[in-house]
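Hi everyone, thanks for making time this morning. Have a look at the structure on the screen, and I'll talk you through a few spots in it.

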Amino acid sequence: MSDASSYLAAVRGSYDTVADAYAEVVPPPSALDPLSRAMLGAFAEEMGGAQAPVADVGCGPGKVAAYLAERAGVDVVGIDLSPRMVTLARRAHPELAFVVGSMTALPVLDAALAGVLAYYSTHHMPPELLPTVYAEFRRVLAPGGRLMIAGHVGEDDGEGECRHRTEAYGGLPVSYDSHFLPPGRIVRLLEEAGFVVTARLTQEPAPGQTRRYGTFLAVSP
Ligand SMILES: C[S@@+](CC[C@H](N)C(=O)[O-])C[C@H]1O[C@@H](n2cnc3c(N)ncnc32)[C@H](O)[C@@H]1O
């Protein structure tokens, strides 16, 4: 097994382990902070009436996919590495399609999608895999298709940071990394993959917290 495939297997196993606890604690998008909700709302508005489906990549238990489907009135397919997450998503949202798959090799035909959303999932990918992931997003998007990525980011002028976790969601055993890249590096990698980045928002840590969040909107020409 290559380093990349054994890392993906560890992420899959970790999210299988925490899926039920995660689904219980993660708030629905309607409970997000106003700026995050506004960015998701802007993406949903952009997707409104799209003729082709939109993929929620790293969909977890499907709460964001369901929100997007309702707000945009489009077909949404949720894709997640963790089979347990997909089972929970199907159970909670039987009207939507959910499939097991990795963002490194999406189970989707070329140019089949109007949009791709990756909500707090790409930060688990090692930076050296991001060109593959972003190339996959480009491959599956139709010309003019839209991409939204949201997740943890690092300082603007830092090197980025990697945190390894061995426990999550109430002490459950996991083994995965979270990469906090400078937002400018994410923009550069998206541009190198051929995307036109149309917006980026960074949110500073809330009082008493340490995490910075980034949201990126891009078009696949
Ligand atoms: C923090 S959760 C976010 C879930 C969901 N997007 C949400 O906002 O509630 C990260 C999700 O990304 C998934 N994930 C991690 N690496 C992935 C990959 N390579 N391909 C697809 N999904 C992946 C995990 O299984 C997990 O469900």
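Let's begin with Asp80: one of its polar side-chain atoms sits 2.6 Å from an oxygen atom of the ligand. Please keep in mind that this is a predicted model. Which residues come nearest to the ligand? Out of 20 residues around it, those are Tyr22, Gly58, Asp80, Met103 and Tyr119. Gly58 uses its backbone, with a polar atom there lying 2.7 Å from a nitrogen atom of the ligand. Leu81 also takes part through a backbone N or O atom, 3.2 Å from a ligand nitrogen.

Now to the helices. Helix 2, residues 34–47, packs against helix 3, residues 63–72, at an angle of about 50°, and their axes are 8 Å apart. That angle is why helix 2 counts as oblique to helix 3. The crossing of these two is right-handed. On the helix 2 side, you'll find Arg37, Leu40, Gly41, Phe43, Ala44 and Met47, and they meet Val64, Tyr67, Leu68, Arg71 and Ala72 of helix 3. Sorted by class, the residues of that contact are eight nonpolar, one polar and two charged.

The other pair is helix 5, residues 130–140, and helix 6, residues 183–192, with axes that come within 9 Å and cross at roughly 55°. So helix 5 and helix 6 are oblique to each other too, and their crossing is right-handed. Here Leu130, Pro131 and Tyr134 from helix 5 meet Ile186, Leu189 and Leu190 from helix 6. What classes do we see in that contact? Six residues are nonpolar, with no polar and no charged ones.

Terms used: Residues numbered from 1 in each chain as written. Predicted model: local features only at pLDDT ≥ 70, side-chain atom pairs only at ≥ 80, totals over all residues. Heavy atoms only, no water. Axes fitted to C-alpha atoms, helices over the stretch in contact; angles between N-to-C directions. Helix = DSSP H or I, 4+ residues; strand = E, 2+ residues; numbered from the N terminus. Parallel < 35°, antiparallel > 145°, perpendicular 65-115°, else oblique. Left-handed = near helix turned anticlockwise from the far one by under 90°. Contact = heavy atoms within 4.5 Å. Nonpolar A, V, L, I, M, F, W, Y, C, P; charged D, E, K, R; others polar. Near = heavy atom within 4 Å. Polar contact = N/O pair within 3.5 Å; in protein donor to acceptor, adjacent residues only side chain to side chain.
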